[in-house]
Amino acid sequence: RMAMIRQHNYRYRLTRPGGGYIASASSVKIEGEIVLAASAKQPKHPVSVPVGVDVPGFDNWRLDLEPSQGWGVRWKAPLIAMVVILSVIVPVLLYLVLASRRRQELLLRAL
């Protein structure tokens, strides 16, 4: 399953919260969180899921997962660009309409 996560280009981190022993036959106990596997880039805003494992003493794992591009939507940048472009076009068109009306008004007064 970790191969699928890597294949889909997710940022991930598999940990054992609360510390414990590195291996079942190990006498070295680690305090805090044990990182079992992780991607090169750590997830910034992950979804955390408890992972059940059928190994005594190792059943409390957590998988933090996030898409490599983050959770943002893809249409955000084009939407911002469109708003900026429209904020320039609308005032220019309004100016042209008002200038045309003013010119027509001046022409009618000249008659």
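What share of the 111 residues in the chain is buried? Buried residues make up 17%, where buried means under 20% relative accessible area, exposed over 50% and partly exposed in between (1.4 Å probe, protein chains only). Keep in mind that this is a predicted model, in which local features need pLDDT of at least 70, side-chain atom pairs count only at pLDDT 80 or more, and totals for chains, interfaces and linings use all residues. Residues are numbered from 1 along each chain as its sequence is written, and side-chain values use heavy atoms, with hydrogens and water left out.

Let's walk along the fold. The chain has two helices and six strands, in the order α-β-β-β-β-β-β-α from the N terminus (DSSP runs: H or I of at least four residues for helices, E of at least two for strands).

Now stop at serine 39, in the loop between strand S4 (34-38) and strand S5 (47-51). Serine 39 counts as buried because its relative accessibility is 14%. Leaving out residues up to four places away in sequence, serine 39 touches Tyr10, Arg11 and Tyr12 (contact means heavy atoms within 4.5 Å).

Next come the charges. The whole structure holds six salt bridges, each a side-chain nitrogen of Lys or Arg within 4 Å of a carboxyl oxygen of Asp or Glu. In helix H2 (residues 76-110), glutamate 105 and arginine 102 lie three residues apart, about one turn of the helix, and their side chains meet at 3.2 Å, N to O. Glutamate 105 also forms a salt bridge with arginine 109 (3.2 Å, N to O). Elsewhere, salt bridges that share partners join Arg13, Glu33, Arg62 and Asp64 into one network.
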